[in-house]
Amino acid sequence: MWTPQEAVRFLRYCHAVDPPFADLIELIIGTGMRKGEALALHWNDVHLDHGVLFVRYSLAAVDNNHLVLTTPKTRTSKNWVAISPRVATALRNRAAATANVPGGGLVFQRPDGRPLHPEYVLNHFHDLSRDAGVSRTTVHDLRHLAATISISAGVPLTVVSKTLRHSTLSTTANIYSHLTTQAARDAVNTIDKTLTTIDGVGTPPTRIPRPRPPGDHNPQLHNQLTLTKRPEGATSYRNITHPPPERCDHSATIRRRNVKKAAPARSGNGLRPAVKQVGTTGFEPATP
């Protein structure tokens, strides 16, 4: 990704060589818009007097050939974006250049009024980057450059997330977590600097209370138990004799459990009667 110095170097070269393309890059870096959103921007959605623009469409290439206007990437991407003075200057330059172009409506378009092809924009961007002597990057990385400059300058993460139109704040935090660490250090350093400045300049002296006397905080003088003298003739708990606990003899119970039941008497034919089962009557066999 570019550094801010590389971005300035590229924009200076591009404004001298290809001013319309430089205005497009100014818009992407200055607002953090996606490439397709910038190429699909209509003049009806630009309000220079109020300093805002509305992202309503995105330009896409089907099979890298047929250009169509689609909805933005997410539902929250379809939202308004603030315009800085630098971006407003670039848009006014495009308004003056495209005033008499037939079929006008798009902010960035070809001389005949047709939209710019996304592949052409990427290839032309690489050619200008090589000629300007800056590192090779992508057009989408310019969106990350806008977020990096904002977070590094101390802009709150919620404002950056709103500007980039992310669906959730966690999305912004996950992508730019390497920058939030430095922001956290800057936050605690600011707290330290503020307290140190106030503590050293213009603060009245603080009244420190006198320490308590040593006897006022002696643990041996507080929380003492008051012992009363036992009256004469009172029976002490230690002198009370308790009968020993009764011992239960379980041997008789165990012997009763081990006694076998007597076998039933045999009938006249020498056979024992069948045991009655659940669900049967008399001596009928049990049902399977």
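**Entry 1: Terms and ground rules**

I count as helices the DSSP runs of H or I with at least four residues, and as strands the runs of E with at least two, both numbered from the N terminus. I note that this is a predicted model, in which local features need pLDDT of at least 70 and side-chain atom pairs count only at pLDDT 80 or more, while totals for chains, interfaces and linings use all residues. I number residues from 1 along each chain as its sequence is written, and I use heavy atoms for side-chain values, with hydrogens and water left out.

**Entry 2: A loop residue, T137**

I began with T137, which I found in the loop between α5 and α6. I looked up its accessibility: T137 has a relative accessible area of 6% and is therefore buried. For this term I use under 20% relative accessible area as buried, over 50% as exposed, and anything in between as partly exposed, with a 1.4 Å probe and protein chains only. I then looked for a partner and found that the side chains of T137 and D141 are joined by a polar contact of 2.9 Å. A polar contact is a pair of N or O atoms within 3.5 Å; within protein, one must be able to donate a hydrogen and the other to accept it, and residues adjacent in sequence count only if both atoms are side-chain atoms.

**Entry 3: Another loop residue, R165**

I looked up R165 in the loop between α7 (157–164) and α8 (169–175). R165 is not a glycine, yet its phi is positive, at about 60°. I recorded this because most residues other than glycine have a negative phi. R165 has 2% relative accessibility and so counts as buried.

**Entry 4: The sheet**

I asked myself in what order the strands of the sheet stand. The open sheet has 3 strands in the order β1-β2-β5, with antiparallel pairing. I took β1 (46–47) and β5 (80–82) as the edge strands, since each pairs on one side only. Two strands pair if DSSP finds at least two bridges between them. I found 2 bridges between β1 and the antiparallel strand β2 (residues 52–54). In this pairing H47 stands opposite V52 in β2.

**Entry 5: Aromatic rings**

I found 3 aromatic pairs in the structure. Rings of Phe, Tyr and Trp (its six-membered ring) pair if their centres lie within 6.5 Å; planes under 30 degrees apart are stacked, over 60 edge-to-face, and the rest tilted. W2 and F10 form a tilted pair, 5.0 Å centre to centre with 45° between the planes. W2 and F125 have ring centres 5.4 Å apart and planes at 40°, so this pair is tilted. I then checked accessibility: W2 counts as buried at 4%, F125 counts as buried at 0%, and F10 is buried.

**Entry 6: The cavity**

On a 1 Å grid over the protein atoms alone, a cavity is a set of points where a 1.4 Å probe fits but cannot get out, and a pocket is an open set with protein on both sides within 12 Å along at least five of seven lines; lining residues have an atom within 4 Å of a point. Grid points are joined across faces, edges and corners, and a volume is the space filled by probe spheres set on the points. The largest cavity holds about 30 Å³. Among the residues lining the largest cavity I found M33, H42, D45, F54 and Y57. The lining of the largest cavity divides into 6 nonpolar, 1 polar and 3 charged residues. Here Ala, Val, Leu, Ile, Met, Phe, Trp, Tyr, Cys and Pro count as nonpolar, Asp, Glu, Lys and Arg as charged, and the others, Gly among them, as polar.

**Entry 7: The pockets**

I found about 460 Å³ in the largest pocket. Its lining has 25 residues, with I29, G30, T31, A146 and S150 nearest the centre. α7 gives the largest share of this lining, 5 residues. The second largest pocket has a volume of about 270 Å³. It is lined by 16 residues, and P20, R94, Q109, R110 and L116 are the closest to its centre. α2 gives the most to the lining of the second largest pocket, with 3 residues.
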